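Please look through the structure shown below before reading on. The briefing that follows takes a few topics in turn for a reader who is new to it.

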Amino acid sequence: MEIEIATIGGYEEVGRQMTAVRAGDDIVVFDMGLNLSKVLIHDNVETERMHSLDLIDMGAIPDDRIMSDLDGEVKAIVPTHGHLDHIGAISKLAHRYDAPIVASPFTLELVKEEINDEGKFNVQNDLIKMEAGETMSIGERNELEFVNVTHSIIDAINPVLHTPEGAIVYGLDKRMDHTPVIGDPIDMKRFREIGREDNGVLCYIEDCTNANKKGRTPSEAVARSQLRDVMRSLEDYDGGIVATTFSSHIARVTSLVEFAENIGRQPVLLGRSMEKYSGTAERVGAASFPDDLGMYGHRKSVDRAFERIMKEGKENFLPVVTGHQGEPRAMLTRMGRGETPYELDDGDKVIFSARVIPEPTNEGNRYQAEKLLGMQGARIYDDVHVSGHLRQEGHYQMLDALQPQHVIPAHQNMKGFSGYVDLADNEGYEVGRDLHITTNGNIIRLV
Ligand SMILES: [Zn+2]
């Protein structure tokens, strides 16, 4: 059976991920993502109304025109998890394929919301819910399996396409977490089994976000304990404390809510995406929050919540807000500019349970947001966080578990790949033979 891999997006950047695998006549597409930084750099771009081709020209979504060079039929579109760099282009591209979107429950719910928000295209692909551990047939001879992995968003999976030539394992995005706070640990047992099945693993496509970092990415339990330490140290502070994190990071939001209550403060989730992700997680039963937890997304209800906090005393609340990257329109940045009813006083605390995503737009925004908050007297607790991506020892363990014949580094640019290329080279892979360094828009023929 002929096997080809089209590296469509996310092979020159972290963002707009998209990869297609052709096995005989069947094609499976993994991820259709958005590169948000290409959108944010322009003022007032509303992607909801934009045409795919304009977004492709901006470098915001994958250029999927290369799909016409693959000689087969798309049988499934499979987003691995709910981050926008993996699902954000579905509403712009999926309608061009007569194939269902297959995803885990939380991811599928977020895909539905993306499709509902779309203002230009009418995406009517079937939506199929599939849990980790389940499989589905792809054509006559191939089978798709979801393996449970752990990442900075719940319900992440790594899809595996079992073909007569061996398994194709799509490894985006994950860290190896055995105590993930919410959900099951990463299923390393299954990866080891797949590596030792009849035909083994033909190809492994790997998340290289942190490939240049030595050592191991700590568990979410470590971020949780860092956060507990910071919050406890502030137990006696009788002014304002504000926290921010990735709104899609449900495990982290859950920890913030819990620790707020432990130090006698009422948590309140504020900001459009805070309300969206936590509300969705609760609706699909993936997370449970206290019954009286306030979640407010709309500008007016957020302002009312802030007014109530100011009236009843800042010392009784922990607002958990959007804006960890200093996004100009997010809640924390608006607070820094003094545009909300919440008034920061000298010595008030701002906890960033996040790290700046190293990219010039974010770095500039975040610098500005911190300066604005600092000018109001806020004290900054930065980097109370662990990453959701494997570092080098995780990559080593994955190679050891899967023993793939071919590897393809992904989810980075050339510089970002270099640590992984070194590692794979040390493990006996050879560039051009079975270690495929590639860019966007290429087709690699494996069989
Ligand atoms: Zn991700």
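**A histidine and its surroundings**

Leaving out residues up to four places away in sequence, His-389 is in contact with Asp-173, Arg-175, Asp-207, Thr-209, Asn-210 and Thr-217, where contact means that two C-beta atoms, placed from the backbone, lie within 7 Å. This is a predicted model, in which local features need pLDDT of at least 70 and side-chain atom pairs count only at pLDDT 80 or more, while totals for chains, interfaces and linings use all residues. Residues are numbered from 1 along each chain as its sequence is written.

**The annotated site**

- The unreviewed UniProt entry carries the annotation "binding site" for His-385, Val-386, Ser-387, Gly-388 and His-389; positions follow the numbering used here, feature names are shortened, and such annotations may be inferred rather than shown by experiment.
- His-389 lies in the loop between β17 and α13, and it counts as buried because 23 C-beta neighbours fall inside 10 Å (buried means 20 or more other C-beta atoms within 10 Å, exposed 12 or fewer, and partly exposed in between, with C-beta atoms placed from the backbone).
- Ser-387 is placed in the loop between β17 (379-381) and α13 (392-402), and is partly exposed, with 16 other C-beta atoms within 10 Å.
- Once residues up to four places away in sequence are set aside, Ser-387 touches Arg-175, Asn-210 and Thr-217.

**Two domains**

- The chain is divided into domain 1 (3-216 + 388-445) and domain 2 (220-381), with bounds that come from an automatic or database domain assignment.
- The C-alpha centres of domain 1 and domain 2 lie 31 Å apart, and the contact takes 19 residues from domain 1 and 18 residues from domain 2.
- On the side of domain 1 that touches domain 2, α1 (36-40) and α5 (105-117) are the elements that give two or more residues, and α5 gives the most, with five residues.

**An open parallel sheet**

- Six strands form an open sheet in the order β14-β13-β15-β12-β16-β17, with parallel pairing; strands are DSSP runs (E, at least two residues), helices likewise (H or I, at least four), numbered from the N terminus, and two strands pair if DSSP finds at least two bridges between them.
- The edge strands, each pairing on one side only, are β14 (294-296) and β17.
- Strand β12 (residues 241-245) pairs with strand β16 (residues 349-353) in the parallel sense over five bridges, and Ala-243 has Ile-351 in β16 as its bridge partner.
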